[in-house]
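Visitor: I would like to learn how to read the features of a structure one by one, with the general idea first and the particular case after it. Could you take me through this one?

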Amino acid sequence: MPSSTLPPPSQGLTVYHVALGRGLQNYTCPPDAGSSDVPIALGAVANLYNTTCMASVPIPGGNPPYVLNNAPAVAVANSNPNASDSKPIHPLGSSSVISGHHYFTDSTTPTFNLVWDTTNYGIFFSKKTSNVTAPATAPIGPDGSKAVPWLKLEVESPVAPLTIEQKDLVPSVKEIYRVNTAGGAAPATCAGMPTSFSRQYAAEYWFFA
């Protein structure tokens with residue numbers, strides 16, 4: 001992963017899956033809001049694309065993570081795929097496989113549903129345990145939004161119900177990181193903003209088991 005001041009993965013955990021997220025960060029403001037009101041986050045909705053190999057395969061003249069670490073900037077500059085499409089177009093214009101979807105359950109729980117077509121990387125409910133401000137050089141979104149913070153999340157128990165066969169195939173993911181963010185942050189205040197609005201974003205998600 002890119003270096004940061006986030007707490008490191010817990011001892012004994014190793015990388016299980018790496019995905020590129022591309023979607024929307026959603027916010028709300030009270031009616032007739034002014035400069036004293038601050039947007040409230042309503043969570044994110046995003047497609048997740050399997051970039052595990054991209055995280056380790058080098059290119060000429062680049063270190064192993066070079067391609068992946070530049071992927072969020074490229075993805076956020078391209079059109080946002082429709083999360084409801086059965087086979088959404090990859091935001092990098094490649095044929096990489098979709099891992100699944102990221103959304104919020106009950107508007108409060110970051111959920112990662114990585115069950116898709118013939119793949120099953122599990123379904124995980126999480127909670128934020130740490131966050132740091134994105135670097136000042138982080139890419140902005142096409143709507144001019146700054147990058148959302150980098151996060152460390154802890155998978156909560158119990159996980160989503162899985163069949164016995166699925167449980168045999170899915171390792172126990174314990175921690176998830178959102179890093180290398182691009183775009184997605186809300187404006188500083190609600191002044192001039194509608195009651196509901198979204199900001200486009202992209203990020204790397206690292207899953208540790």
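**Reading the features**

Guide: A search of the whole structure, which is a predicted model, finds one salt bridge. As a general idea, side chains of opposite charge can pair when their charged atoms come close. Here the side chains of Glu 175 and Lys 152 meet in such a bridge, at 3.6 Å from N to O. The pair links distant parts of the chain, since Glu 175 belongs to strand 7 (residues 175–183) and Lys 152 to strand 6 (residues 150–155), 23 residues apart.

Visitor: Are Glu 175 and Lys 152 buried or exposed?

Guide: Both Glu 175 and Lys 152 are buried.

Visitor: How many disulfides does the count come to, and which cysteines form a disulfide?

Guide: A disulfide is a covalent bond between the sulfur atoms of two cysteines. The count comes to one disulfide in this model, formed by Cys 29 and Cys 190, whose sulfur atoms are 2.1 Å apart. Cys 29 lies in the loop between strand 1 (15–28) and strand 2 (40–50), while Cys 190 lies in the loop between strand 7 and strand 8 (196–208), so the pair ties together parts that are 161 residues apart in sequence.

Visitor: What is the torsion about the S-S bond of Cys 29 and Cys 190, and is Cys 53 buried or exposed?

Guide: The torsion is about -85°, so the disulfide of Cys 29 and Cys 190 is left-handed. Cys 29 counts as buried because its relative accessibility is 3%, and Cys 190 is likewise buried, with a relative accessible area of 0%. Cys 53, by contrast, counts as exposed, because its relative accessibility is 56%.

Visitor: How should I read the largest pocket, and which residues are the closest to its centre?

Guide: The largest pocket holds about 520 Å³ of space. It is lined by 27 residues, of which Gln 25, Ala 41, Lys 128, Leu 151 and Arg 178 are the closest to its centre. Two or more lining residues come from each of strand 1, strand 2, strand 3 (98–105), strand 4, strand 5 (119–132) and strand 6, and strand 2 gives the largest share, five residues. By class, the lining consists of 18 nonpolar, seven polar and two charged residues.

Visitor: Where is Trp 206 placed, and which residues is Trp 206 in contact with, leaving aside its neighbours within four places in sequence?

Guide: For a single residue, one can read its element, its accessibility and its contacts in turn. Trp 206 is in strand 8 and is buried, with a relative accessible area of 7%. Leaving aside neighbours within four places in sequence, its contacts include Met 1, Pro 2, His 17, Leu 68, Ile 176 and Glu 175. The C-alpha atoms of Trp 206 and Glu 175 are separated by 8.3 Å, although the two residues are 31 apart along the chain. Glu 175 is also the residue that meets Lys 152 in the salt bridge.

Visitor: Where is Ser 126 found, and is Ser 126 buried or exposed?

Guide: Ser 126 is found in strand 5 and counts as buried, because its relative accessibility is 1%. Beyond its neighbours within four places in sequence, Ser 126 is in contact with residues including Thr 109, Phe 112, Leu 153 and Glu 156.

Key:
Residues are numbered from 1 along each chain as its sequence is written. This is a predicted model: local features need pLDDT of at least 70, side-chain atom pairs count only at pLDDT 80 or more; totals for chains, interfaces and linings use all residues. Side-chain values use heavy atoms; hydrogens and water are left out. A salt bridge is a side-chain nitrogen of Lys or Arg within 4 Å of a carboxyl oxygen of Asp or Glu. Helices (H or I, at least four residues) and strands (E, at least two) are DSSP runs, numbered from the N terminus. Buried means under 20% relative accessible area, exposed over 50%, partly exposed in between (1.4 Å probe, protein chains only). A disulfide is a pair of cysteine sulfur atoms within 2.5 Å. On a 1 Å grid over the protein atoms alone, a cavity is a set of points where a 1.4 Å probe fits but cannot get out, and a pocket is an open set with protein on both sides within 12 Å along at least five of seven lines; lining residues have an atom within 4 Å of a point. Grid points are joined across faces, edges and corners, and a volume is the space filled by probe spheres set on the points. Ala, Val, Leu, Ile, Met, Phe, Trp, Tyr, Cys and Pro count as nonpolar, Asp, Glu, Lys and Arg as charged, and the others, Gly among them, as polar. Contact means heavy atoms within 4.5 Å.
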